[in-house]
Amino acid sequence: MIEEPYRWVEAIANRREYIETQLASGSPIAAVGYTGGILFLTLGRAGQKIFEIYDRIGMGAIGHPGDIERLRMAAIELASTEGFTRSAADVSLRRLAHYSLSPALKGAFEQIYGAPYLARMLFAEVGATPAEDLFFRVDYDGAIATNGATFAQARQDFAVLSGTRQSAELMEAFLKAEHKAGAGLETALGSALDAWSVGHMALQRDGAKELPNRATVSKHRQEQLAGMGIEAALLERASGTAIRYRALSDEEARALISK
Amino acid sequence: MESFPLGQGFAGAGEDFPALLRRKGLFGQATVIDPAARITPSNQQTWTPTEATTILAFKFSGGVLVAGDRRATSGNTVVYDRADKVLEIDRHSIMAIAGVPATAWEMARVLEHSFQYFRRTQLQEMSVDGKVRALSKLLRDNFGLALQGLGMVVPIFATYDSGVKPEGRLYFYDAMGAQFEVAEYAATGSGSPAVRGILYYENHWGAQPLQKRSEEEAITVALRALDTAAESDTATSGVDRIGKIYPLIKIVSGAGIKTLPEERIAAVFEKTVA
């Protein structure tokens, strides 16, 4: 079958469609910069989705738990051995994403007789200054989206992950309009919750192209907060220790919500 | 960084961090001791303990105090007078070392990464027993080299157990990796016989048992003990009165690790020791 180029392209397209369908129900994750670092946030009922990778690197992921686990282990293994043999300062998210994860994901995706990874990941690395904060979204096919530092787009201090492209785009549009650089933690948490609500609504109403109005977002947010737990983590710029990652409990996160 | 293997089997629980490093060729293989090779009188003499230093630790009212002098020696030469032998492994654990610095610092580095690797991969903090065992395993893996006279390490491990019964825990080890939990105090290194005598005396016949002493009283005991060890042991510097170099003292408690600033130690020294 794969001797014919057309069949190969068709097989890849089918596989893409299959994976997109599998990922479509994934609850959104937002990573938002604030003055003291980066906040990861999602809402859920079960299953951890935000993880510590290394001192300054966090990861959020949606997809098949088995695949998320394999990718998470690989990322931790690579970062830990690098940090051990050289130093923590030599562990780089840029290289982890571009050099290690992306080629392996692309390889698995395009070898059509093997199983692809059913996972979509969002990484963030806190830098010494807000300008050095990095966000990377790494997709099941190895595609990488960053928060900027390219000629094509302005630098953003946020990144999102969602089950569908449409949902992610609406979340990005929302954060682009609402999230201001230099926001405090409470403000950033509010924006992240709203962005999550926007993404979550888009997953429920297939085909939504416009941002919902503020009142609808607030209402949805209230409803969902009543039934789901907040999962959040911080990458703190100056925490006094080498380890900057800190998980926020549901109570801690709820205490930060400004009314 | 290298790329990760595509065909991965079951990952996770089975492998600890030293095993991961060995798989990647980044850490020396565990030395295998040949049971057939008996120690003959001639090579017995080549095994000379080299743990030239003094480390002590004891429990007091504010947690566990760990102190070490600052001298590093090679044979009868002093090579360094500001050595740091009391090392922080994580937020609640300290490893204090007597022995060959190169091996000890490498062990501390492996241990530090092991605890973090475990927390990150298993999504929970390693238990105190797990941490104690991890150090024991490193010592046993190193024992072949220690027998050859290279890289003997005899550490003390102090940590805070925030489990069912929250309290400071203190262990000392032998070079083969056996761990001994102590209720009150531990000392290791060439100056330890003198220190052990002082701690025993203070604990039994002093004004109060060590566990009841205040921070200042605990610092006093530690400084006096190290100074006494230095009186007869050339490998221990105690307090360098001319160079104003003081021992390194750290305290482990539920709040984490506190490194006492030099001014605080100097003040106590002037008041109660000098």
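1. Chain B of this predicted model contains 7 helices and 12 strands. Of the 274 residues in chain B, 45% are buried, and among the contacts in chain B with a separation of 6 or more, 67% are between residues 24 or more positions apart.

2. The sheet of chain B that deserves attention is an open one, in which 5 strands follow the order 10-1-2-11-12 with antiparallel pairing. Its edges are strand 10 (185-188) and strand 12 (256-259) of chain B, each of which pairs on one side only, and the twist from one strand to the next averages 15 degrees.

3. Helix 5 (residues 192-205) of chain B lies across strand 1 (55-60) and strand 10 of chain B, and its direction is at about 165 degrees to strand 10 of chain B. Helix 6 (residues 215-232) of chain B also packs on the sheet, where it touches strand 1, strand 2 (63-68) and strand 11 of chain B and makes an angle of about 25 degrees with the direction of strand 2 of chain B.

4. Chain A has an open sheet of 5 strands with antiparallel pairing, in the order 8-1-2-9-10. Strand 8 (158-161) and strand 10 (245-248) of chain A are the edge strands, each pairing on one side only, and neighbouring strands of this sheet are turned against each other by 15 degrees on average, direction ignored. Strand 9 (residues 229-236) of chain A pairs with strand 10 of chain A in the antiparallel sense over 4 bridges, and A:Tyr245, in strand 10 of chain A, is the bridge partner of A:Leu235.

5. Helix 4 (residues 165-178) of chain A lies across strand 1 (29-34) and strand 8 of chain A, running at about 160 degrees to strand 8 of chain A. Helix 5 (residues 185-204) of chain A lies across strand 1, strand 2 (37-44) and strand 8 of chain A, and runs at about 40 degrees to strand 2 of chain A.

6. Turning to the interface, the contact takes 24 residues from chain A and 19 residues from chain B. On the side of chain A that touches chain B, the elements giving two or more residues are strand 3 (50-54), helix 2 and helix 3 (93-110) of chain A; helix 2 of chain A supplies the largest share, 12 residues. By class, this side of chain A has 11 nonpolar, 8 polar and 5 charged residues.

7. The crossing of helix 2 of chain A past helix 3 of chain B is right-handed. In helix 2 of chain A, the residues A:Met73, A:Ile76, A:Ser80, A:Gly83 and A:Phe84 meet B:Arg109, B:His113, B:Tyr117, B:Arg120 and B:Thr121 in helix 3 of chain B; by class, the contact of these two helices has 4 nonpolar, 4 polar and 2 charged residues.

Note on methods: Residues are numbered from 1 along each chain as its sequence is written. Chains are lettered from A and ligands numbered from 1 in the order in which they are written. This is a predicted model: local features need pLDDT of at least 70, side-chain atom pairs count only at pLDDT 80 or more; totals for chains, interfaces and linings use all residues. A crossing is left-handed if the near helix is turned anticlockwise from the far one by less than a right angle, and right-handed if clockwise. Two residues are in contact if their C-beta atoms, placed from the backbone, lie within 7 Å. Ala, Val, Leu, Ile, Met, Phe, Trp, Tyr, Cys and Pro count as nonpolar, Asp, Glu, Lys and Arg as charged, and the others, Gly among them, as polar. A residue is buried if 20 or more other C-beta atoms lie within 10 Å of its own, exposed if 12 or fewer, and partly exposed in between; C-beta atoms are placed from the backbone. Two strands pair if DSSP finds at least two bridges between them. Axes are lines fitted to C-alpha atoms, for helices over the stretch in contact, and angles run from 0 to 180 degrees between N-to-C directions.
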